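Hi,

Here is the structure I said I would pass on.

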Amino acid sequence: MKTPSGLQPLIDDGVIDAVLRPLKSGKEAAVYVVRAGDDIRCAKVYKDMAQRSFQQRVQYQEGRKVRGSREARAIGKASKYGRKQQETAWKNTEVDALYQLRDAGVRVPEPFGYFHGVLVMELVVDADGHSAPRLGEVELSPEQARGFHRLLVRQVVKMLCIGLIHGDLSEYNVLVAPDGPVIIDFPQVVSAAGNNAARTMLLRDVNNLTASLGGWAPDLLDTWYGEEMWALYEAGELHPDTELTGVFEHDAAAVDVDGVRHAINDAREEALIRQQGREAAAEMD
């Protein structure tokens, strides 16, 4: 195929040898399957965001550290230079997060470097060597669904233990490899300690997974792993190997438990809406 302009510098520098095919495209990035020597990898080319998208991401950016006082002031003023710096920081966020998560033992694609604004990383494949399907594209037995849920909740715990929350986790950014689920897409990752909406985003992430996998194993819908892990995190008692029960005692005077449960049941529909938006964006690309 014709080499996309964003990938030509990587070929010129010998980072990759060829672009084989497009893998997926959305509003924020286009991903290509590439060859580097004898290895097949993927390359994520980030797109420049319009001002509308920039404004929509404000809630995710709260609490993120910015390199340099000048950049921080410019971003705060939302000047042209500040928006450019914010875009750079936004693109760097996923790269930094991938390395942190890999070092923490979270199941994410192996990163191989960030070159000319392009993230080169492992291509997650299925048992036949083809691009791995998304969690929302596979059929599961109740036992498999419970196993996947258990593994994914453990990944969320490991992320939270290093102060990170995915922020947009659903069945559409989890790939199913032969040895289990792999989490992808981290440009919107949230600081657990620095973002006022961190708890809400964590619960939404866990609820999305619970609602999706609960379609195959309905007993999962009666669990409260997100609430349990957040309470332990706030108390300083959450560790990567903490055994969770899925049981959580709500303060009925402070929490609308029925409302929370309805939110869990709605999460799957919300994830579907987001996926339809991504597919529409890909068709327009």
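Below is what I found in it, going from the whole chain down to single residues.

First, the ground rules: this is a predicted model, with local features needing pLDDT of at least 70 and side-chain atom pairs counted only at pLDDT 80 or more, while totals for chains, interfaces and linings use all residues. Residues are numbered from 1 along each chain as its sequence is written, and side-chain values use heavy atoms, with hydrogens and water left out.

The overall picture

The chain has nine helices and nine strands (DSSP runs numbered from the N terminus, H or I of at least four residues for helices and E of at least two for strands). Of its 285 residues, 47% are buried (under 20% relative accessible area; exposed is over 50% and partly exposed lies in between, with a 1.4 Å probe and protein chains only). If you take the contacts with a separation of 6 or more, 61% are between residues 24 or more positions apart (contact meaning heavy atoms within 4.5 Å).

A hairpin of two residues connects strand 7 to strand 8, and Ala-177 faces Gly-180 in strand 8.

Helices 7 and 8

Helix 7 (residues 198-214) packs on helix 8 (residues 225-234) at an angle of about 145°, the axes being 8 Å apart. Their contact involves Ala-198, Arg-199, Leu-202, Leu-203 and Val-206 from helix 7, and Tyr-225, Gly-226, Glu-227, Met-229 and Trp-230 from helix 8. By class that gives seven nonpolar, one polar and two charged residues (Ala, Val, Leu, Ile, Met, Phe, Trp, Tyr, Cys and Pro count as nonpolar, Asp, Glu, Lys and Arg as charged, and the others, Gly among them, as polar).

Helix 8 is largely enclosed by the rest of the structure, because seven of its ten residues are buried. Among them are Glu-227, Glu-228, Met-229 and Trp-230. Just after helix 8, Gly-236 has a positive phi of about 70°.

The cores

Which residues have the most contacts inside the largest nonpolar core? They are Leu-135, Ile-165 and Met-229, in a core of 49 residues (a core being a set of buried Ala, Val, Leu, Ile, Met, Phe, Trp, Tyr and Cys residues joined through side-chain atoms within 4.5 Å). Helix 6 (residues 142-161) supplies the largest share of this core, eight residues. Apart from it lies another core of eleven residues, including Ala-30, Val-34, Ala-43 and Val-45.

Not counting residues up to four places away in sequence, Leu-135 touches Leu-140, Phe-148, Leu-152, Glu-171, Val-174, Val-176 and Leu-213. Leu-213 is in helix 7 and counts as buried at 1% relative accessibility. With the sequence neighbours up to four places away again left out, the residues touched by Leu-213 include Ala-145, His-149 and Leu-220.

A few single residues

His-116 lies in the loop between strand 4 and strand 5 (118-122). His-116 has a positive phi of about 55° despite not being a glycine, and is exposed, with a relative accessible area of 52%. Asp-185, in the loop between strand 8 and strand 9 (190-191), is not a glycine but has a positive phi of about 65°; at 16% relative accessibility Asp-185 counts as buried.

Finally, Gly-163 sits in the loop between helix 6 and strand 6 (164-165). Leaving aside neighbours within four places in sequence, Gly-163 is in contact with Val-190, Ser-191 and Ala-192.

Cheers

How values were computed: Pairing = 2+ DSSP bridges. Axes fitted to C-alpha atoms, helices over the stretch in contact; angles between N-to-C directions.
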